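Student: Could you take me through this structure? I'd like to know what lies behind each label.

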Protein chains: 2
Amino acid sequence: MALIVQKYGGTSVGDTERIKAVAKRVIETRESGHDVVVVLSAMAGETDRLIQLAHKVANEPDPREQDVLLATGEQVTISLFSIAVKQMGHEALSLLGHQARIYTDRSYGRARISEIRTEPIWHNLYKGCIPVIAGFQGLDERGNITTLGRGGSDTTAVAVAAALAADVCEIYTDVAGVYTTDPDIYHKARKLQRISYDEMLEMTSMGAKVLHIRSVEFAKKYNVPIHVRSSLVDEPGTMVVKEEKSMEKVMVSGVAYSKSDARITLAGIPDVPGVAARIFTAIANEDVVVDMIIQGSTGDTDLANLSFTVPRPDRQKAIRILEGMKTDWQTLEISSDENIAKVSIIGVGMRHHAGVASRMFQALAKENINILMISTSEIKVSCVIEDRHTAKAVQVLHEEFELDKPLQHEIPE
Amino acid sequence: MALIVQKYGGTSVGDTERIKAVAKRVIETRESGHDVVVVLSAMAGETDRLIQLAHKVANEPDPREQDVLLATGEQVTISLFSIAVKQMGHEALSLLGHQARIYTDRSYGRARISEIRTEPIWHNLYKGCIPVIAGFQGLDERGNITTLGRGGSDTTAVAVAAALAADVCEIYTDVAGVYTTDPDIYHKARKLQRISYDEMLEMTSMGAKVLHIRSVEFAKKYNVPIHVRSSLVDEPGTMVVKEEKSMEKVMVSGVAYSKSDARITLAGIPDVPGVAARIFTAIANEDVVVDMIIQGSTGDTDLANLSFTVPRPDRQKAIRILEGMKTDWQTLEISSDENIAKVSIIGVGMRHHAGVASRMFQALAKENINILMISTSEIKVSCVIEDRHTAKAVQVLHEEFELDKPLQHEIPE
């Protein structure tokens, strides 16, 4: 017998029929002898609908009140789900953030869970009743409702699993698991059996939308095994787990890509100390996150070039900040470009294998794909390329590292 | 400067434009120097939509979970309203049942308020912030969400006004106040300036839908003046207040009618002691509320007749119970009739004036309206008639008691 936290969201609870189907699935898990705690997110589209309502009333809705509004989405699903379970003859009890005692800080719209007082959950498990917890929402120390941000229900589920020391946290989605790359962009993408937390973090920050990034951080911190699987079929998905010795043998586990960045290029900046610091401090002060940075020199010894990437929605903001510097640096020229993509290879094995990056560069070069920028971390190499090459690049890298074949640490299926 | 509780509901908060209009109205009250506490109900139609959702999942949704579901309706309006007020440059803070500390018993779907711990409301008033309270919902002593039943937001508003010892509780609706009778049935119906709690209770239980009956009981108990008025126009409505000496001069303040009852007639029941007790105990045990009862005798000395009224939805249930008695009373014959209406005249002055009832009977007789049953209370006389005569009866009684003219205790307009 295991203690399992199951999280269902979006289309899995998209209408009352789907909610009934999920209730049946949860009851099956219980009848096979396990204890289940359920975490639900809002019906697909509901959070967007509520945000639109708020924006009809104000351009920038008050963050506290917007959280009160958004929290209704999960309240609807947990009550409907509990009604469905009880209708099927089992016991269930819905718990809102304040009832499940999920405490957070006070950052409305992107709150972080600080504590879960698990008494109400244990009490219900003790009674043989399925606790049904509202994802995405919590309570600050003053009793205000907070929400955790997009995808926050994943984090609720993992945090609950950590607090209960559950055996596994199952995240049900509309895909079958974590893939070596996006199956929509390359048909040979293969479902991974296992992946380490760090690899999953890199995949997620590179745009793989399977899991909320904070849920993976949480799972890593508290060593909660996550099972990403489909609510539509009854087959194993992907286990996200602590790094295992055998994983090191694999150089690359996945290829990720993202088209969410813009590149800004500065020419004619003075080549003196402190310039980069001044630029990036000004940008950071406006909450714009810079990812890759490349500094080059020109023929002119007094002037330098600088390129960096920012999220696309922040491009105009960043340019506005930089325009303000033209009064001091009259040679400054600013250009920008959104037709770029970032392609990354990810794998914990890179730590112990040399030459992974150069194999990536060669593979891209062979296809005449020009690399605009490069950045590397311990377990990732990312290249910025022209976005029209994205699909080709993903395919080439997938082939180069033989990702269509089972990885060495995976049990042959 | 006064402390005013304002309640808006239904169509007044029916969409985001109406919510903004209400926010403006509340701010105007504040800017004219008063302190305001706002109580809101759900957007028009929202509670019905949620009930339908629940019934898609189960025929008889679990009552606890249905209350969790229904409570989202008010959560949406109070957050949107607070967003609107803040957008207009004023301070507002939404308070859910658990945040406003509105405690109730545990009767899901028809809970009664037991206590309001007013600290959060006072704290916000002290800070110059408008508290915006979710109507209709509360919390039982175990932290479960409860709801007060249809129209329950009126009761929340009056209870909050009582707990704060507010100067007045303003109930905003889509009608201009309380009328001498339903303006839809008789065009000479006149808006009352003042009406006593007891008269309002009789009006409400007779089908006038202006106020939730429990809110009037609450107001009477704690002596909270209620001002029923329209959210669409800025003119005085009707004050519902403690009975005043001058009100006694008026025999009749209003004419009410209801078409919600059915009449059941029993013939051939044994004329021995204990029979009526047996019948009405059996019916009461099945939660059917009997209103009027008439016992008559037939020519046959051993057998009696009995007529009584029950709510129309309970007619079949009552008949089923009575059919079971045929085994003991083989002469029993059961018939029933839904084509009836109840017409009532209401006025606290009746206590001190003789002959009010006979004037009513004569007025109806003059129009050839046959009276089927009669019941009286201290401040009300009700007659059951054929329902096709309803409009005529209301008109005749309105004229007989000169309700189109200002009542004696009303200040001439």
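Student: What makes A:Asp15 partly exposed?

Tutor: A residue is buried if 20 or more other C-beta atoms lie within 10 Å of its own, exposed if 12 or fewer, and partly exposed in between, with the C-beta atoms placed from the backbone. A:Asp15 has 14 other C-beta atoms within 10 Å, so A:Asp15 is partly exposed. A:Asp15 sits in the loop between strand S1 (3-10) and helix H1 (16-31) of chain A; these helices (H or I, at least four residues) and strands (E, at least two) are DSSP runs, numbered from the N terminus.

A word on the ground rules: this is a predicted model, where local features need pLDDT of at least 70, side-chain atom pairs count only at pLDDT 80 or more, and totals for chains, interfaces and linings use all residues. Residues are numbered from 1 along each chain as its sequence is written, while chains are lettered from A and ligands numbered from 1 in the order in which they are written.

Student: What does chain A average in pLDDT?

Tutor: Chain A averages 92, and 96% of the residues score at least 70. That score is the predictor's confidence in each residue, from 0 to 100. The model also has an ipTM of 0.85 and a pTM of 0.86.

Student: Why does A:Gly45 count as exposed?

Tutor: A:Gly45 has 12 C-beta neighbours inside 10 Å, so A:Gly45 counts as exposed. Look for A:Gly45 in the loop between strand S2 (35-43) and helix H2 (46-57) of chain A. A:Gly10 is 35 residues away from A:Gly45 in sequence, yet their C-alpha atoms are 7.6 Å apart in space.

Student: Why does B:Cys169 count as buried?

Tutor: B:Cys169 counts as buried because it has 28 C-beta neighbours inside 10 Å. B:Cys169 lies in strand S9 (residues 168-173) of chain B. Leaving aside neighbours within four places in sequence, B:Cys169 is in contact with residues including B:Val5, B:Ala157 and B:Ile226. Being in contact means that two residues have their C-beta atoms, placed from the backbone, within 7 Å.

Student: And what makes A:Met1 exposed?

Tutor: A:Met1 has 8 C-beta neighbours inside 10 Å, so A:Met1 counts as exposed. A:Met1 is in the segment before S1 of chain A. Setting aside neighbours within four places in sequence, A:Met1 is in contact with A:Gly33, A:His34 and A:Asp35.

Student: How do you know that the span of helix H3 of chain A agrees with what it should be?

Tutor: The expected span of a helix is 1.5 Å times one less than its number of residues. The 25 residues of helix H3 (residues 63-87) of chain A should therefore span 36 Å, and the end C-alpha atoms are 37 Å apart, which agrees. H3(A) is also mostly covered, with 23 of its 25 residues buried. Just after H3(A), A:Gly89 takes a positive phi of about 90°.

Student: Which phi does A:Asn223 have, and is A:Asn223 buried or exposed?

Tutor: Phi of A:Asn223 is near 55°, a positive value in a residue other than glycine. With 11 other C-beta atoms within 10 Å, A:Asn223 is exposed. Its place is the loop between helix H8 (213-222) and strand S11 (226-230) of chain A.

Student: What about A:Asn368: why does that one count as exposed?

Tutor: A:Asn368 has 8 C-beta neighbours inside 10 Å, so A:Asn368 counts as exposed. Phi of A:Asn368 is near 60°, again a positive value in a residue other than glycine. A:Asn368 lies in the loop between helix H11 (356-366) and strand S19 (373-377) of chain A.

Student: How do you know that the two copies are related as by a two-fold rotation axis?

Tutor: Copies are superposed by least squares on the C-alpha atoms of residues with pLDDT of at least 70 in both. Chain B can be laid on chain A with an RMSD of 0.1 Å by a turn of 180° and a shift of 0.0 Å along the axis. The two copies are thus related as by a two-fold rotation axis. In chain B, the C-alpha nearest the axis belongs to B:Thr72, 2.7 Å from it.
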